[in-house]
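Dear colleague,

I am passing on the structure below for you to look over, and my notes on it follow directly after.

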Amino acid sequence: MRIGKQQVVWGQADGLRVLDVVNPFSFREFVWPDAQDRRIPLWMLRAEAPLGPATLQLLYIPDPTYDEIPLGNAAFAVTTPLLVPRGSTPIPVREAARPSGLRNSSDLGARVSALIGGWDLTLNYLHHYYDDPVPFIELSSTGATLAPRYERSQLFGASFSNAFGSTTVRGELGYSTDRWFITRSVTDPDRVFSSDEFAFVIGVDNVALADTLISVQYFHSQLRDPAPAMTRSSNERQATLLVQRSFRNESLKLRMLALRSLDRDDGGIQARMSWQVSDAFSLSLSLERFYGDRDGLFGEFRDASRIGLEAQWSWARDH
């Protein structure tokens, strides 16, 4: 049993999330930093106990902390109509309404994991507030106001993985209730609608080449109750490619991650070179670029492409 600020990682997908929704994420640099650097620790009680050949994990999370979403003039401020309603004129925005009270704001989760016939298997359940606020539109005599608030959802999920020689096959499935999405329909006054969502990701990792990892993923999201004039498709598909190679006893590492929407012709590419010059000093050079439709999930950041240089020096104090 462990009490304190923690990260709980469900699932193994890179860049795409199906089961990894226990902790909120920071999107100040969108999806480029590693997940462990973007995942926000939460105050929680985590208990684990054996159930025969399986392990039961229970979570109680009384911490109403949610995703960090950049707004305004930030480099990665979210503007896509997939996530933010648009009007002919700017819409006043209220601060997102958060749940109050310990009982109303707490989340509960459970996971059963086991190794069966060489397969790592899990069954997952999470009763939680989704970490992104729903952008409700409120109409009045003075006009429209964006009044976001957080809404409950239930996640029923499962994951699997197995290694076959140098190749690992893995996957995640999730069924989420009461997800909310945006519609342009004038017959819907608050411009959002609720639907259950089924999502899955299938990944294949290969390490046949020495010091090299090649990983491919396919992600699919389907709405059970699509609505007229919704801004997303009833079926959304994305794919990723990760290539990582190390040289000189892992002192030099090259990494390339490509994300692509298969429905909107937009995506992003990150290339990074890291050099451990000495035990105390390291350098890294990165290139991050987005492309495609400005109304897409990735294409909206096509003007936020960048090159970065990072230096790190560490030392130990003599006693």
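The lining of the largest cavity divides into 6 nonpolar, 3 polar and 3 charged residues, where Ala, Val, Leu, Ile, Met, Phe, Trp, Tyr, Cys and Pro count as nonpolar, Asp, Glu, Lys and Arg as charged, and the others, Gly among them, as polar. This is a predicted model, in which local features need pLDDT of at least 70 and side-chain atom pairs count only at pLDDT 80 or more, while totals for chains, interfaces and linings use all residues. Residues are numbered from 1 along each chain as its sequence is written, and side-chain values use heavy atoms, with hydrogens and water left out.

On a 1 Å grid over the protein atoms alone, a cavity is a set of points where a 1.4 Å probe fits but cannot get out, a pocket is an open set with protein on both sides within 12 Å along at least five of seven lines, and lining residues have an atom within 4 Å of a point. Grid points are joined across faces, edges and corners, and a volume is the space filled by probe spheres set on the points. By this rule there are 2 cavities of 30 Å³ or more. The largest cavity holds about 60 Å³, and the residues that line it include Asp 63, Tyr 66, His 128 and Asp 131.

The second largest cavity, at about 40 Å³, has among its lining residues Gln 12, Phe 160, Arg 170 and Glu 172. Its lining comprises 3 nonpolar, 4 polar and 2 charged residues.

Glu 288 counts as buried, at 5% relative accessibility, and Arg 306 as partly exposed, at 31%; buried means under 20% relative accessible area, exposed over 50%, and partly exposed in between, with a 1.4 Å probe and protein chains only. Asp 303 and Arg 294 form another, at 2.9 Å, N to O, with Asp 303 exposed at 64%. Finally, Arg 170 is linked with Asp 14 and Asp 205 in a network of salt bridges.

Best regards

Note on methods: Salt bridge = Lys/Arg side-chain N within 4 Å of Asp/Glu carboxyl O.
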